[in-house]
Amino acid sequence: MNEVLRCWRRRVVVFAAAVAVCLSPAHAGAVANGPVLDMNFPDPDVVRAQGVFHAYATSGNGKNVQRATSRDLVRWSAAARDALPVLGAWVDPNVPRVWAPEVFDNGRGFTLYYTAHHRASGRQCIGAALSAAPQGPFRPVGEDPLICPVEQGGAIDAAHYSEDGQRYVVWKNDGNCCGMRTSLHLQPVSGDGTRLQGEPVTLLTQDREWEGDVVEAPTLIKRGRQYVLLYSGGPYRTDDYGIGYAVADRLTGPYVKADAPLMTTGTLAGKVRGPGGQDVVVGADGRDRIVFHGWNADRSQRMMYAAGLFFSNGRLTVVTGPASR
């Protein structure tokens, strides 16, 4: 009988240890404990370089593109320097604001996509910039924006994707600026991402009640044989903003949306208000994390949060820390 009890206790200890590892903030995220970066840091994008995670965000705190660094995706330090100190010649100097940066390793350095106001058309458009290092400074490429479909309301929220030696950019036409539909598009680009190489293919359009008149902030990943396209939808200034996703067997679709949004103010029990602007990054342990922003109580800033992300049987699941389990 004593031996049975000892065996049972060993199993309980092992099980408890496994649960603790699986649900620790370093693995599952830190939503239950608040933001991982307690400052205005909207639309976070994360890239890993030489063991360091670099996060980039929409302009604020006196910078065109903010940057912060971490080694574990939980403890972050804000950088003092602007990652994009000079904007492209096409940017309207009267509206020198930059939205939703995206950075990736292009094999010879780093490429940054950014959204800004186009001086000639008044629409928002997407530009590109290059740097030898992830900390920048990034320098704009070309005299004109990379993507600027004025007849579709302009373009915002560029994200990159690479497969079989071909790089792509995923972007949103900014139709909600002017009474048009919004969609997410996929388009081939050069290896460094600074030149378009083909025509865009539409992947998703807003058609769910919770999305309102907008789908935006695309993030495209592949897990196993399936493609997963995450996106944000709804009015971003409100608690109704959220994160959804769709799944496809082919890169160009068709993408089938999940029955319900992945993350909302409600699914996060009000701990994060209006979650969105997400990115997915693989941690040092090989597990997926989702980073995203959410409003503070008085809506004066959008802070960065992180959570564990799991994909199985065509479905995404979010783990937000021990308190939520």
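1. Let's start with one cysteine: C125 is buried, at 0% relative accessibility (buried means under 20% relative accessible area, exposed over 50%, partly exposed in between, with a 1.4 Å probe and protein chains only). Keep in mind that this is a predicted model, where local features need pLDDT of at least 70, side-chain atom pairs count only at pLDDT 80 or more, and totals for chains, interfaces and linings use all residues. Residues are numbered from 1 along each chain as its sequence is written, and side-chain values use heavy atoms, leaving out hydrogens and water.

2. The partner of C125 is C148, with the two sulfur atoms 2.0 Å apart in a disulfide (a pair of cysteine sulfur atoms within 2.5 Å). C125 lies in strand β7 and C148 in the loop between β8 and β9, so the bond ties together parts 23 residues apart in sequence. C148 is partly exposed, at 22% relative accessibility.

3. A search of the whole structure finds two disulfides. Besides the pair above, C177 is joined to C178, S to S 2.5 Å. C177 is partly exposed at 40%, and C178 is partly exposed at 29%.

4. Now find the open sheet with the order β9-β10-β11-β12 and antiparallel pairing (strands are DSSP runs of E, at least two residues, numbered from the N terminus; two strands pair if DSSP finds at least two bridges between them). Its edge strands, β9 and β12, each pair on one side only. Four bridges join β11 to β12, and H185 stands opposite T202 in β12.

5. Another open sheet of four strands runs β1-β2-β3-β4, also with antiparallel pairing. Here, T69 stands opposite S77 in β4.
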